[in-house]
Amino acid sequence: MTWIREHISEIIVLIGGFVVMNLIFIAEVFRASDTVDPEGASQLGNFVGGYVGTLFALASFMLLLRNLKNQQKSSEILMFETKYFELLRLHRDNVAELEVEGISGRKLFVVLIREFRLILEIVIEIARECSQNLNKKELLHITYYCLYYGTGPNSSRILKLSLAEFDSKFIGRLEDELNDQEKKKMVKCEKNFPYIPFEGHQSRLGHYYRHLYQAVKYVDQQEILTFDKKYEFVKTIRAQLSNHEQALLLLNSISPMGNRWWSDDYMRKYEIVKNIPPEFFDCKKEIDMSDYFEPGYFEWEDVKSGT
């Protein structure tokens, strides 16, 4: 059946041509009483030969055109797949190159989530002290920027500038708290961090997220692919992400820095973070998943429903 579907046009042309060639034998002009009229047959043959021959020439041209289009499409798909797998390889290389004080690759994202949660506690505490009534999204926004830019001689300046929309006294107080060298050392020791926290990860995460976004965008923009094919290719990209990578990607996307994951609809359309486990985030202090995703989005919901 698959072979028939693939060659249906050729089969139709072959059968149609065979039928047309034999229809002349029932024409009245072809016969004189019970015998074949040679003169009439000759005239009809010339007419049919010219007419049907032109028809078959046209059919041959259409089949040739279709063949050329199929070759062009195959070439485009080959070019796409070549670049796609190169992007996939580069993503793996990017992950392998992530390293801080001996913690490398996907293991680093586990520590980054820990650091994010520690910063969030500090942000909530400082906000309370400064009488700042911030909603959860604003708290996550500030926390992610603190994790990303960090504090230090240059980082603090960039951090304050990036959070200029918030109360300056509150942000200044927060920066002082995170930039306290004694506090950094104490947290590193007490929380068993492999590196000094609160110093930022811009140099690591910036390139990582830009490349990941471009890989998904490259697939999404392919007009030669159906949506189902696009989904399968993006699904392969998603399969490269650990649960903690997906969790940090979600935090990145909620901040203004990563908003294009939502404005381009990649987060929902391709279910980029569907493997985040249930209760990974504290729905009261961190993220309530129902605020961002429809029921049935996550993998664990499929397992729970038995599908």
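Predicted model: local features only at pLDDT ≥ 70, side-chain atom pairs only at ≥ 80, totals over all residues.
Buried means under 20% relative accessible area, exposed means over 50%, and partly exposed lies in between, with a 1.4 Å probe and protein chains only.

Residues are numbered from 1 along each chain as its sequence is written, and side-chain values use heavy atoms, with hydrogens and water left out.

**Stop 1**

Select Phe 198 to begin. With a relative accessible area of 1%, Phe 198 is buried. You will find Phe 198 in the loop between helix 8 (181-190) and helix 9; helices here are DSSP runs of H or I with at least four residues, strands are runs of E with at least two, and both are numbered from the N terminus. Phe 198 is not a glycine, yet it has a positive phi of about 70 degrees. Most residues other than glycine have a negative phi.

Now go to Ser 131, in the loop between helix 4 and helix 5 (136-149). Ser 131 is not a glycine either, and its phi is positive at about 55 degrees. Is Ser 131 buried or exposed? Its relative accessible area is 65%, so Ser 131 is exposed.

**Stop 2: a serine on helix 9**

Select Ser 203, which lies in helix 9. At 67% relative accessibility, Ser 203 is exposed.

**Stop 3: salt bridges**

Side chains of opposite charge can pair when their charged atoms come close. A salt bridge here is a side-chain nitrogen of Lys or Arg within 4 Å of a carboxyl oxygen of Asp or Glu. How many salt bridges does a search of the whole structure find? The search finds twelve.

Show the side chains of Glu 86 and Arg 89, which form a salt bridge at 2.5 Å, N to O. Both residues sit in helix 3 (residues 38-97), and because they are three residues apart, about one helical turn separates them. Glu 86 is partly exposed at 34% relative accessibility, and Arg 89 is partly exposed at 37%.

Next, pick Glu 245 and Arg 106, whose side chains meet in a salt bridge at 3.0 Å, N to O. This pair links distant parts of the chain, 139 residues apart: Glu 245 is in helix 11 (residues 243-254), while Arg 106 is in the loop between strand 4 (103-104) and helix 4 (107-129). Glu 245 is buried, with a relative accessible area of 0%, whereas Arg 106 is partly exposed at 35%.

Then select Glu 271 and Lys 274, which make a salt bridge at 3.6 Å, N to O. Glu 271 and Lys 274 are both buried. To finish this stop, show Glu 129, Arg 173, Glu 177 and Lys 183 together: salt bridges that share partners join them into one network.

**Stop 4: two pockets**

Rolling a probe the size of a water molecule over the atoms shows where empty space is left. On a 1 Å grid over the protein atoms alone, a pocket is an open set of points where a 1.4 Å probe fits, with protein on both sides within 12 Å along at least five of seven lines, and lining residues have an atom within 4 Å of a point.

The largest pocket has a volume of about 270 Å³, a volume being the space filled by probe spheres set on the grid points, which are joined across faces, edges and corners. Of its 14 lining residues, select the closest to the centre: Tyr 209, Arg 210, Tyr 213, Met 257 and Gly 258. Which helix supplies the largest share of the lining of the largest pocket? That share, six residues, comes from helix 9.

For the second largest pocket, of about 230 Å³, select Asp 288, Met 289, Ser 290, Phe 298 and Trp 300, which lie nearest its centre among 16 lining residues.
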